[in-house]
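User: I am new to this structure and would like to learn how to read it. Could the tutorial begin with the ligand and its surroundings?

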Amino acid sequence: MEDCHSDILLGNQKLWYNPNLRGTIYERRAASIAEQLCGPEMVFDYDQILAKPPRRADGVFSWHQDLAYWPVTEDTRTASFWLAIDDSCVENGCLRFVPGSHLENRLRHHGPLHGDRDKSHTLAAVLSDNDVEIPVEIQRGDVTVHHERTLHGSGGNSSPYSWRRAWVIAFRAKSAVEEERSIGFTHSHNDSIQVLNKVGIENVA
Ligand SMILES: O=C(O)CCC(=O)C(=O)O
């Protein structure tokens, strides 16, 4: 199956893109949950709408850990909220998680899916035989929350009629967001290749 990560990414809203979508009840509740889960000093980092139209069996998100896409800052705490806009099921490409992967202290190996990050942003990790993948079917209005090291992905949309849309908001440690911005990293597909070359690199003692 071919990955169509960039095709199905409809919008990555930096603060100034769509002010009407700031301060919603979703964002406010997510902020509170992020603090309850991760502790103090968690701030809004970015949001995005991810939409898979019907009959897009190729609308696959490869397995990945979000932190592999981001600069590995000193404080990596993250709570990523995934709000289902449509009922999300195996047929239309719901999220799949590998339980326990958030406890791994080394990132899995991620390679560029199409050989060159200049051409395609997408990274992919490979599951091992011991990994158990759990599809998480949720209803419209439900939310999942994942950690920056949780291995996750999703299959294509084989439904003849159902969209699979989601609104993602990520809260990260304030110092992490400051560090990201200071090197020009904004979670946008327009970030430069020089910036993208700095992501996912862990300092191994
Ligand atoms: O919507 C998807 O299938 C993938 C979303 C994702 O990777 C994320 O929210 O971190």
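Analyst: The model is predicted. Around the ligand stand Leu50, Phe61, Asp66, Ser80, Trp82, Leu95, His152, Ser154, Ala166 and Val168. Strand 4, strand 10 (152-154) and strand 11 each give two or more residues to this shell.

User: How many residues of the shell around the ligand are nonpolar, polar and charged?

Analyst: The shell divides into six nonpolar residues, three polar and one charged.

User: Is strand 4 largely enclosed or open?

Analyst: One counts its buried residues, those with 20 or more other C-beta atoms within 10 Å of their own. In strand 4, seven of the seven residues are buried, so the strand is largely enclosed by the rest of the structure. Thr78, Ser80, Trp82 and Ala84 cover one side, while Ala79, Phe81 and Leu83 lie on the other.

User: Which strands pair with strand 4?

Analyst: Strand 11 pairs with strand 4 in the antiparallel sense over seven bridges, and Trp82 has Val168 as its bridge partner there. Strand 9 (residues 143-146) also runs antiparallel to strand 4, joined by four bridges; in that pairing Leu83 stands opposite Val143.

User: Which residues have the most contacts inside the largest nonpolar core?

Analyst: This core has 29 residues, and those with the most contacts inside it are Phe81, Leu83, Ala166, Ile169 and Phe171. Strand 11 supplies the largest share, six residues. Leu83 touches Tyr26, Val143, Ala166 and Trp167, leaving aside residues up to four places away in sequence.

User: What span should helix 2 have?

Analyst: At 1.5 Å a residue, its 14 residues should span 20 Å, and the end C-alpha atoms are 20 Å apart, which agrees. Gly39, with a positive phi near 105°, follows helix 2.

Terms used: Residues numbered from 1 in each chain as written. Predicted model: local features only at pLDDT ≥ 70, side-chain atom pairs only at ≥ 80, totals over all residues. Core = buried A, V, L, I, M, F, W, Y, C linked by C-beta atoms within 7 Å. Buried ≥ 20, exposed ≤ 12 C-beta atoms within 10 Å, placed from the backbone. Contact = placed C-beta atoms within 7 Å. Near = placed C-beta within 6 Å. Nonpolar A, V, L, I, M, F, W, Y, C, P; charged D, E, K, R; others polar. Expected span 1.5 Å × (residues − 1). Pairing = 2+ DSSP bridges.
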